[in-house]
Amino acid sequence: MMQDVKNRSVEKNSRRLFRNDMIFIVVLLLLVTAFGLWIYLVRGEGDRVVVTIDGKEIGTYSLAEDVTVEIRTGLQNEELNLLVIKDGKAYVETATCPDGICSEHKPISREGESIVCLPHKVVITVYAENEKDAPDIVV
Amino acid sequence: MRKSFFRWPGICVALILLSGAVGCGSKSEKYSTYSFDYFDTVSVITGYADSQEQFDDIAESIFSELSEYHKLFTIYDRFEKMENLSTVNELKDGTHRVVTVDPRIIDMLLYAKDMYKKTDETVNVAMGSVLSVWHDYRTEGTENPSEAKLPTVGELTEAAKHTDINHMIIDEEACTVTLTDPDMTLDVGAIAKGYAVEMVARFLEEKGVTGYLLNVGGNVRTIGGKPNGEKWLVGIENPKEESEESYLAYLELSGESLVTSGSYQRYYVVDGKRYHHIIDPETLMPSEDYVSVSVVCKNSADGDALSTALFCMGLEEGMALVESLTDTEALWMLDDGTCYESSGFGKYKSETKK
């Protein structure tokens, strides 16, 4: 009776070890996948456009996909900068800011280039994918 | 007893992965942040730090310094219990008071007087009366584009009678400044930004900070190079949309300053024509010779003053001025897209990329 219990316990123990191994392998695989994904997302995403309002990042968009983004500011979100990404370039199509300088800016597509809307505190900046010798800043 | 076959190698792999991650973490990384609070423009700080916290600490100290200079030099805002250029400009019983100011204001105004001479009287901080006429018309025209108007010649020439910098009386010992012409006001827009950036950069250098780049509205100052020994790569924007070249020039900087004055940075439109913010003291109109003028030199205050001065000078005269100064180079872009550069400008150009 005692022997039987012990045997079963050993068997259970070794099964648990095996199960732990499997868990470990699965966790390891997950980690590797996550690492790969991270590399893909952070490094392999391609050229992207980052939008900030008063220094806070509000969105990231790929330059490879045509998209139109309403950047809303003001107390009642009444102010607008309409960001258009088309054919790998980003530009402000229209804006409700008084000076309109952002919508006059030429389309941007290269690392470090940016469009600034001072009245709305909006900055639109291009970050390229590991572009070699990319500028740290464009003025 | 059966041992787990995977456990120890597994732990080893995990440790290797972990150490790799930690290794990456301790290497200094590039961070950046923005503020819209100073000098009526956007200020960008880019820097290398070991952690976000370390970067945030330094960025905060930079913004706090910039904030001080902004408050001292602004002519549009007043602050409680504080004398600044706005209170120097203000009239009391029809005259300007003798105002006791922060020594940093005295130093900046003395510098401004010096630059007035060095730029052949082109950079004049006593032009406040003329610039405020333009400022008012620009503000109104921006808010009401259909009603946008130009100042009349009469208004401008009347204002220009009160721009003699010798009526700015500075007492260094007493730390006071007064304007002896009641119709005169100061506008330090052409130099204050660059001066403040230079002071903040020196403050960082004294603290031993390196690997930072400040950009206050196109006024760039590098504090050292990058931690890996490389220089900062700075592109000068090509404002021409139809041009194939993205950059007018691609520079490598390490400790130097780059300041660009451009007609495309601030302007308003009257009858379909753009009128920008850099006013020629001779014609009292926006200078129309160039699209942009960039200056590379050590001192960002010099860069700011010079880029404004060159913008209002003929090419020949400006080139002669730049060539007479040590460690100072410039790049001019004309309206038709042609560029001219001073003899030593090329040494700052990146060889890897154009």
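Reply: The account below begins with the contact between the chains and then turns to each chain separately.

This is a predicted model, in which local features need pLDDT of at least 70 and side-chain atom pairs count only at pLDDT 80 or more, while totals for chains, interfaces and linings use all residues. Residues are numbered from 1 along each chain as its sequence is written, and chains are lettered from A and ligands numbered from 1 in the order in which they are written.

In the contact between the chains, 33 residues of chain B touch 26 residues of chain A, two residues being in contact if their C-beta atoms, placed from the backbone, lie within 7 Å. On the side of chain B that touches chain A, two or more residues come from each of α1 (7–26), β1 (29–35), α5 (128–143), β8 (212–216), β10 and β12 (257–262) of chain B. Here helices (H or I, at least four residues) and strands (E, at least two) are DSSP runs, numbered from the N terminus. β10(B) gives the most to this side, with six residues. By class, the side comprises 15 nonpolar, 13 polar and five charged residues; Ala, Val, Leu, Ile, Met, Phe, Trp, Tyr, Cys and Pro count as nonpolar, Asp, Glu, Lys and Arg as charged, and the others, Gly among them, as polar.

β10(B) also belongs to an open sheet of three strands, in the order β8(A)-β10(B)-β11(B), with mixed pairing. β8 (137–138) of chain A and β11 (247–253) of chain B are the edge strands, each with a single partner strand, so one side of each is left without a neighbour in the sheet. Two strands pair if DSSP finds at least two bridges between them. β8(A) and β10(B) run parallel and are joined by two bridges, with A:V138 opposite B:G235 in β10(B). By contrast, β10 (residues 232–237) of chain B runs antiparallel to β11(B), with six bridges between them; B:L233 has B:E252 in β11(B) as its bridge partner.

Chain A itself has two helices and eight strands, and along the sequence these follow the pattern α-β-β-β-β-β-α-β-β-β. Of its 139 residues, 26% are buried, where a residue is buried if 20 or more other C-beta atoms lie within 10 Å of its own, exposed if 12 or fewer, and partly exposed in between, with C-beta atoms placed from the backbone. Strand β6 (residues 114–117) of chain A is covered on both faces, with A:S114 and A:V116 buried on one side and A:I115 and A:C117 buried on the other. Four bridges pair β6(A) with strand β7 (residues 122–127) of chain A in the antiparallel sense, and A:I115 stands opposite A:I124 in β7(A). The two strands form a hairpin with four residues between them, and A:K121 in the turn has a positive phi of about 55°.

In chain B, helix α9 (residues 315–324) has B:G318, B:L321 and B:V322 buried. These residues cover an arc of only 95° around the axis, which puts them on the same side of α9(B); the arc is that of the directions from the helix axis to the C-beta atoms. B:E316, B:A320 and B:S324 are exposed on the other side of α9(B). The buried residues of α9(B) pack against α8 (300–311) and β16 (329–334) of chain B.
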